[in-house]
Amino acid sequence: MPEVDPTQRRLYKYELVIPLTLHQLERAGAEFDAALAQTPDVDRYCSGLHWVVPAHRALMPPRHPWLRRSEDGFVVLAQGEHPNGWVYLQPLEGMWGLPSPLAGPDPAVLARQLRAHSRPGYDWDVLLIGGLEEGSAALAAVADEFNTAHAVRVGYPCNRNLCSIAGGVDAYLGRRPRKFRQNLRRSDARCREAGIAWERADSGDPLALYARIQAVEGGSWKGKGGVGIDSGDMHDFYALMITRLGVTGRLRVLFARHDGRDAGYLLGGVAHGIFRGLQFSYREEFRPLGLGNAAQVEMMRWLEACDPETHTYDLGTQMRYKQRWGERTLTTLTLVVSR
């Protein structure tokens, strides 16, 4: 446990719970990561500091971090005020509702500490606890901690498509339908015939890599349509995330190269045995090649060769094309607690 001002310490039922600043939480990143690795029934990748801190800083409205640490783990929330005057606590990333704010081997214990050490009517009128897997023991146990004295409802589900690469890329592809494999072979052939080469980038200056990504994004349909990551809050979110992933050695960027320039990219990160695809794009003139299909397989082969501990390929929030790649769906829910 870190040394803190004794006035910050509050003892409840023999449990020492320490308030943290955001800076203190970031300094305790290794300890937080270890606690998250033991947390059951959550999306560990999107609950990590590499996701939630950039989201808090770039995507969310002004709020105050509400962070606690105990021997049982961490509670990572932010306090905000609704325009109607009521106060809420929610995870640092509340835009998509992907992360769990509870990091530790027993989320129910952390929920009990949260209930005991926060003051309804002052710290919160509404409490949002997201990122808990549907149908899980953790979801039921956390709900039980609050439903005797508060109203507890379940919010909308968040779905992600995942597949296993634990047995290798060829084993994964062997489980896919024949037509799926045929389409991949065609995409690969078109890319080879067009002279596409693949560059793996996981080191160097993260912001220099991000500048290359931005150049591709500007020539894509996303950039031209104003929905890419080359401007606005999303640009800032990914800039912060890429920097953090790069510093911790978790950044993975795959570039498709053609005649000495970048034609496309696939951006992702690794943590807790999971590769999380973050963004993909390509210049519009390369659309007929099927770069998306080829890039996914190339990334899987990179992970198999260089990240053998990575067992899960997370394609991100559910979309139709991702369903063709996914083998299972991870569904998490948000508990909405009101006093």
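Colleague: Which residues have the most contacts inside the largest nonpolar core?

Modeller: A nonpolar core is a set of buried Ala, Val, Leu, Ile, Met, Phe, Trp, Tyr and Cys residues joined through side-chain atoms within 4.5 Å. Buried means under 20% relative accessible area, exposed means over 50%, and partly exposed lies in between (1.4 Å probe, protein chains only). Here the largest such core has 65 residues, and those with the most contacts inside it are Leu25, Trp51, Phe74, Leu127, Ile129, Ile213 and Leu267. A second, separate core of 30 residues includes Tyr172, Val270, Phe286 and Leu303.

Colleague: What kind of model is this, and how are its residues numbered?

Modeller: This is a predicted model, in which local features need pLDDT of at least 70 and side-chain atom pairs count only at pLDDT 80 or more, while totals for chains, interfaces and linings use all residues. Residues are numbered from 1 along each chain as its sequence is written, and side-chain values use heavy atoms, with hydrogens and water left out.

Colleague: Which residues does Leu127 touch?

Modeller: Contact means heavy atoms within 4.5 Å. Not counting residues up to four places away in sequence, Leu127 touches Leu77, Leu89, Leu114, Phe146, Leu335, Val336 and Val337. For the whole chain, take the contacts with a separation of 6 or more: residues 24 or more positions apart account for 74% of them.

Colleague: How many helices and strands does the chain have?

Modeller: Both are DSSP runs numbered from the N terminus: helices are H or I with at least four residues, and strands are E with at least two. The chain has twelve helices and 15 strands.

Colleague: What does the radius of gyration say about the overall form?

Modeller: The radius is taken over C-alpha atoms, and the globule rule is 2.2 Å times the number of residues to the power 0.38. For 339 residues a compact globule would have a radius near 20 Å, and the chain agrees because its own is 21 Å. Along its principal axes the C-alpha trace spans about 70 × 40 × 35 Å.

Colleague: How is the surface to be read, and what part of it belongs to carbon and sulfur atoms?

Modeller: Accessible areas come from the Shrake-Rupley method with a 1.4 Å probe, and for residues only the protein chains shown count as cover. The surface of this chain comes to about 15300 Å², with 50% belonging to carbon and sulfur atoms. Buried residues make up 54% of the 339 residues.

Colleague: How many positive and negative side chains are there?

Modeller: Lys and Arg count as positive and Asp and Glu as negative, while His and the chain ends are not counted. Each charge is placed at NZ of Lys, CZ of Arg, CG of Asp or CD of Glu. The chain has 41 positive and 39 negative side chains, and the centres of the two sets lie 5 Å apart.

Colleague: Is Thr332 buried or exposed, and where is it placed?

Modeller: Thr332 lies in strand β15 and is buried, because its relative accessible area is 1%. Leaving aside neighbours within four places in sequence, the contacts of Thr332 include Gly131, Leu132, Tyr156 and Cys158. Ser338 is also in strand β15 (residues 328-338). Ser338 counts as buried because its relative accessibility is 15%, and its contacts beyond four places in sequence include Trp124, His150 and Arg153.

Colleague: Where is Leu315, and how far is it from Trp325?

Modeller: Leu315 belongs to strand β14 (residues 312-317) and is buried, with a relative accessible area of 7%.

Colleague: What is the phi of Asp41, and what is that of Asp259?

Modeller: Neither residue is a glycine, yet phi is positive in both: about 65 degrees for Asp41 and about 50 degrees for Asp259. Asp41 sits in the loop between α2 (29-37) and α3 (49-58) and is partly exposed, at 25% relative accessibility. Asp259 sits in the loop between β11 (251-258) and β12 (261-271) and is exposed, with a relative accessible area of 72%.

Colleague: Where is Arg68, and is it buried or exposed?

Modeller: Arg68 is found in strand β3 (residues 64-70). Arg68 counts as buried because its relative accessible area is 14%.
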